[in-house]
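Welcome to this short tour. Please have your viewer ready, and we will go from stop to stop together.

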Amino acid sequence: MSTIARVTNFVDGDVLDAADLNDEFDNLVDNLNALNNDNIAAAAGIAPSKISASIAGSGLVKNGTTGALEVNPDNVTVEISSNQIVIKDLGITAAKLAADAVTTAKILDSNVTRAKLAALGQQQTGRISDSETGSSYADLTGLTVTITTTGRPVMVMLQGATSGATGLAHGSTTLDAVETAVRILRDATVVAEYEMETALTVSGATISVDSVVIPASSIFVIDTPAAGTYTYKLQGKNVAGDALSVSAELIAWELM
Amino acid sequence: MGQISRATEFANGNPPFADDLNAEMNQIASTGNNLDNDNFVAGANISETKFASTLAGSGFDVANGVLSLNTDDASLETSADALQVRNLGVTAAKLAANAVTTAKILNANVTRAKIATSYQTAVTVADQTITNTSNALVTSLTVTITTTGRPVLLAIYGASIEFSTPLNTSATALKGYEGSVRIARGATNVVNSDLVRMRIRGVGTNYDTQVTDKRPFCHLMVDAVAAGTYTYVVRVSANAPSIGDSASAIIKTGTKLFAMEL
């Protein structure tokens, strides 16, 4: 279809023929019922209000007053600002972020504060006091913790307590040389072993190493197991002397 | 208004009456002034230039009648005729609080540099000697740290501590020293008494004794404490096991106290 053209150009003196009239009117009616772009003036300036609201598809809305097509933002994640579609400040919530979207480069240095870190998950006994008199390794009762790790190194150590004397002691009321040892085990695996030996040499007198005490936190190990659940414990033995005495807490945590 | 149809079908021999012509012409004129969707052919293909530019509402640009989305080209853009989030377009300002949860962080991508530091240190600048004293405050070995509620690692290190007793030429029974190290959080002992001791026993006979025991001054402690601001101090004891005897401790220059929230 194109612009409408007349069928017959009437001139003075013509007899109005029914067929001509019918053709003319038929032509007009047919064209008015089948208008297309050609029938609209170039500068028609069809006002938005003349357009059906159904023109607004997904994400669009037709202004009820002006008829203009407008982007329809949720004003939560996106908004219109200065007639531009923009991501709204604070509009990106966790739900909008893909898994693993945040890589190293996306994190500002020094912005992961302690409060953002997951709990340390340290496992800690209370103060335990126990002793071993035997010459073979045996568990120091109660000095055991179980920790589940993600594969990072694990710090395991003895430490003092908030009350009561703590430390590792050995000695003898009769011997001038005493020897004990302790070891830390991860399940059945020895991950650290420490010997303690003190000897005195004196002439002209009988003398004994009555007591030697070292701080509890002298005993520690940094273990590097794969991710898993492990039980750490302390064992001790008394090679020479009255006893090995331990009074301490055992604590283990996965290093960050 | 809808599609129109002829009002009168003319036939030869029936000259058109004025009413018939007027009816026909009026209908056409009226329709021409009230065109609606029914008057356009299915494939009318009305071009963009026929619409007023005011059709472009918020979020749109219009050029030569063509509507296009008006993005900021910073956070959003159109690419391949599709609206999309622009690469690097999601800045910190766009992220909601708590938006970055664990699942959003690629494993092993929180490197050390990303973690804020949270430690304090103090160091002794002169040797400090104490004799026959319990829980003497170590000068300069004080740190104050504000925590978020995670455990605090406390460490003493960096130099030696030397315990000693003077020469005793008529010793009997117990001789030597008994020391202890305490780390206190304010008025609360964190490590009440991490003992350090060298004690010898003579049996029945006078003997000469003099003890010198220099050892690393190294202690570790984890203090599980609620969020807050805490001041930690170090106290050292040096005593003799027998009344009338003497024992001393020298805390060496360079001894450090380190406190870090884990």
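In which loop of chain A is A:Ser217 found? Select A:Ser217 and you will land between strand E12 (207-214) and strand E13 (220-223) of chain A; strands (E, at least two residues) are DSSP runs numbered from the N terminus, as are helices (H or I, at least four residues). This is a predicted model, where local features need pLDDT of at least 70, side-chain atom pairs count only at pLDDT 80 or more, and totals for chains, interfaces and linings use all residues. Residues are numbered from 1 along each chain as its sequence is written, chains are lettered from A and ligands numbered from 1 in the order in which they are written, and side-chain values use heavy atoms, with hydrogens and water left out.

Stay on A:Ser217, which is buried at a relative accessible area of 3% (buried means under 20%, with a 1.4 Å probe and protein chains only). Next, show the contacts of A:Ser217 (heavy atoms within 4.5 Å). Leaving aside neighbours within four places in sequence, they include A:Met157, A:Leu158 and A:Gln159, and also B:Asp194, B:Cys218 and B:His219.

Finally, select chain B and zoom out. Its secondary structure comes to 1 helix and 16 strands. Chain B has a radius of gyration, taken over C-alpha atoms, of 47 Å, well over the 18 Å that the globule rule (2.2 Å times the number of residues to the power 0.38) gives for 262 residues, so chain B is more spread out than a compact globule. Buried residues make up 44% of its 262 residues.

How values were computed:
Buried means under 20% relative accessible area, exposed over 50%, partly exposed in between (1.4 Å probe, protein chains only).
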